[in-house]
Amino acid sequence: MVRRWPDLIGMCVATAFLWLSLTPSLLPRPWPWQGLIGGLAGIAGYALGVLAATAIRACVARRPGERFRVRAWWAYYLVAGIGTVAGLVWSAQAQRRLRALQGLNPSSPWNGLMIVVITLGTGLLLLTLARGLRLAARTSIRWLGRRLPRPLAYVLGPAAVTLLVVVSLHDVVWERGFIGFVDHTAKAINGAIDPNLPRPDSPLRSGGPGSLVSWHSLGANGRKFVAQATDPALITRFTGRPAAVPIRVYIGENPEDEDFREAADLAVRELDRTGAWTRAVLAVQATTGSGWVDPNLAAPLEYMYAGDTATVAIQYSYLPSWISFLVDRGRAERAQRALYHAVRARWSALPAADRPRLVLGGESLGAYATDAVFADPAELIAGADAVVLEGPPFASRLWNRMEDDRDRGSPVWRPVYDGGRHVRFGQFPATDLRRPPGPWERPRIVYLQNASDPVVWWSPDLLFDKPAWLHAPLGPDITREVRYYPIITFWQTTVDLAVSFGTTAPHGHRYGNGAAVAWAATLPPPNWTDTDTDRLLAFMAQHPLRH
């Protein structure tokens with residue numbers, strides 16, 4: 001645990017991995033995160049170096065003398081010190097160039113000394129844990145070797161330690177520790193009533209007068225969703241004519257409703273109660289893990305159609321999206337599938353001439369949930385009058401299929417699927433959705449995906465496979481200095497997830513008012529023009545939405 005000096009070859013490989021971790025990735029990194037990446041990459045390099053050294057020693061009988069080893073260590077100290085300083089200076093400059101490319105203030109501090117301290121601290125902690133496990137395995141082998149045949153002890157000893165570690169990490173540290181803490185905290189936030197958020201006084205909102213659901217049952221993000229619907233007076237200021245009160249229906253989470261049929265049925269009855277089927281547009285929105293609906297997805301339709309809209313959503317979790325994605329994304333799929341099919345069945349029963357236009361929307365985990373409703377792209381295209389999805393995660397099945405089947409020559413970050421006949425992709429929708437120049441038939445589907453969004457591009461495959469988004473040509477906001485390195489790129493992109501909201505739209509996981517352009521392109525009201533779209537964007541910029 002203590003007396004054994006680190007392996008020289010392991011330290012050389014660890015230092016090389018540290019240098020590679022200083023290279024830029026999708027997004028600018030704050031220095032504390034760079035220190036963490038350096039430690040994770042360094043310990044991975046050290047493990048590979050030690051394995052290589054062990055193999056070399058097994059094949060080479062002669063060992064270098066003490067004098068050679070001392071000189072080798074001094075050479076390592078010299079090269080590692082100079083190389084690390086040079087790497088930190090270069091990395092700071094590369095981070096500033098990346099920040100400028102994505103429209104961020106280039107003056108973010110880059111504390112090289114603290115990066116080294118965090119890197120060494122993280123690496124030392126992980127090395128101590130690894131040596132502790134090795135010591136436990138050897139102790140187990142010795143103890144079992146006195147009671148069992150030696151070969152069997154060599155199998156059972158490490159197996160017992162591995163089982164203990166897996167159970168401890170999963171059941172104690174993860175499930176009962178971290179997840180338990182997050183669950184308790186998120187549940188308290190979900191149930192807390194914000195005194196500054198007024199209960200709706202309109203019967204056209206869930207939780208308001210005559211609603212079938214209580215104000216408290218909506219959850220924190222559900223209460224925001226219904227209370228912050230676009231004000232008809234504001235809509236009138238934009239349109240210049242009287243506006244209707246937008247309908248917003250929301251059903252909070254019921255943990256006992258595993259298949260969400262009760263929630264979906266309740267949502268349909270709320271739509272019945274509010275008269276939603278007589279509106280011009282009915283939007284089925286998928287929530288993120290915590291029940292949040294992106295207001296930039298809901299509000300543009302309310303402006304465009306002068307409030308003659310109804311929007312419905314149900315909550316399947318109160319956990320943060322990334323936790324929900326890891327532990328219960330099946331609930332997201334079941335919830336959106338139940339809601340869509342319940343709404344679709346009621347909508348299909350109406351006379352075709354009297355139906356509202358049915359649209360679907362979702363951001364991040366909500367995009368994943370909407371994607372999971374349909375069996376193939378053709379079913380998605382036929383499933384609604386328009387679909388707008390923002391930042392789909394890598395696990396989105398239909399999105400992956402369309403990415404894989406994209407037209408030859410189109411990059412993965414801006415694919416062309418089936419000649420752009422129904423489905424189009426964009427980061428800068430005002431221009432991207434005009435390509436390819438061929439006809440864009442209806443129904444229309446838009447995926448908004450930023451080339452620098454780690455939520456879209458992160459995948460476990462990054463550990464050992466170079467992703468398509470790192471092949472030329474690179475995306476418009478990706479630095480040309482980015483490179484792929486096994487293991488290291490995985491950790492860099494994982495950290496990018498943590499800072500994905502630290503950018504400005506349209507970069508990282510920020511999409512701003514891009515949905516307004518997408519709705520205008522997919523479902524414009526009669527006589528709507530590009531000038532109206534520009535006017536809507538300017539108006540929404542002057543009256544920013546509350547998140």
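Contact here means heavy atoms within 4.5 Å. Helices (H or I, at least four residues) and strands (E, at least two) are DSSP runs, numbered from the N terminus.

1. **Basis.** This is a predicted model, in which local features need pLDDT of at least 70, side-chain atom pairs count only at pLDDT 80 or more, and totals for chains, interfaces and linings use all residues. Residues are numbered from 1 along each chain as its sequence is written, and side-chain values use heavy atoms, with hydrogens and water left out.

2. **Overall picture.** The protein has 18 helices and seven strands. Its C-alpha atoms fill a box of roughly 90 × 55 × 45 Å along the principal axes. Of the 547 residues, 50% count as buried. Buried means under 20% relative accessible area, exposed means over 50%, and partly exposed lies in between (1.4 Å probe, protein chains only). Among contacts with a separation of 6 or more, 74% come from residues 24 or more positions apart.

3. **Helix 7 and helix 18.** Two packed helices are described by the angle between their axes and the distance between the axes. Axes are lines fitted to C-alpha atoms, for helices over the stretch in contact, and angles run from 0 to 180 degrees between N-to-C directions. Helix 7 (residues 232-239) packs on helix 18 at about 140°, with the axes 11 Å apart. The two are therefore oblique to each other. The cut-offs are under 35 degrees for roughly parallel, over 145 for roughly antiparallel, 65 to 115 for roughly perpendicular, and oblique for the rest. The crossing is right-handed. A crossing is right-handed if the near helix is turned clockwise from the far one by less than a right angle, and left-handed if anticlockwise. L234, R237 and F238 of helix 7 meet D532, R535, L536 and F539 of helix 18. By class, this contact has four nonpolar, no polar and three charged residues. Ala, Val, Leu, Ile, Met, Phe, Trp, Tyr, Cys and Pro count as nonpolar, Asp, Glu, Lys and Arg as charged, and the others, Gly among them, as polar.

4. **Helix 17 and helix 18.** Helix 18 (residues 530-542) also packs with helix 17 (residues 514-522), at about 155° and with the axes 10 Å apart. That makes helix 17 roughly antiparallel to helix 18. The crossing is right-handed. A516, V517 and A520 of helix 17 touch T533, L536, L537 and M540 of helix 18. The contact divides into six nonpolar, one polar and no charged residues.

5. **Helix 4 and helix 5.** What is the angle between helix 4 and helix 5? Helix 4 (residues 112-145) and helix 5 (residues 150-191) pack at about 140°, with their axes 8 Å apart. They are therefore oblique to each other. Their crossing is right-handed. On helix 4 the contact uses L133, A136, A137, S140, I141, L144 and G145; on helix 5 it uses R150, A153, Y154, L156, G157, P158, V161 and V165. By class there are 11 nonpolar, three polar and one charged residues.

6. **Aromatic pairs.** The structure holds 15 aromatic pairs. Rings of Phe, Tyr and Trp (its six-membered ring) pair if their centres lie within 6.5 Å; planes under 30 degrees apart count as stacked, over 60 as edge-to-face and the rest as tilted. F394 and W458 have ring centres 5.3 Å apart and planes at 65°, so this pair is edge-to-face. The partners are 64 residues apart: F394 lies in the loop between strand 5 (386-390) and helix 13 (397-404), W458 in the loop between helix 15 (454-457) and helix 16 (488-498). W458 is buried, at 17% relative accessible area. F490 and W491 are also edge-to-face, because their centres are 5.1 Å apart and their planes at 75°. W73, W74, Y76 and Y77 form one aromatic cluster.

7. Is F490 buried or exposed? F490 is buried, with a relative accessible area of 11%. W491 is partly exposed, at 27%. Buried residues of helix 16 include I488, T489, V495 and D496. The buried residues of this helix pack against helix 1 (8-21), helix 2 (31-59) and helix 15.

8. **R279.** R279 sits in the loop between helix 8 (261-274) and strand 2 (281-286). At 11% relative accessibility, R279 counts as buried. Leaving out residues up to four places away in sequence, R279 touches L204, A244, V245, P246, I247, G307, D308, T309, A310 and P356. R355 is 76 residues from R279 in sequence, and 8.2 Å away in space, C-alpha to C-alpha.
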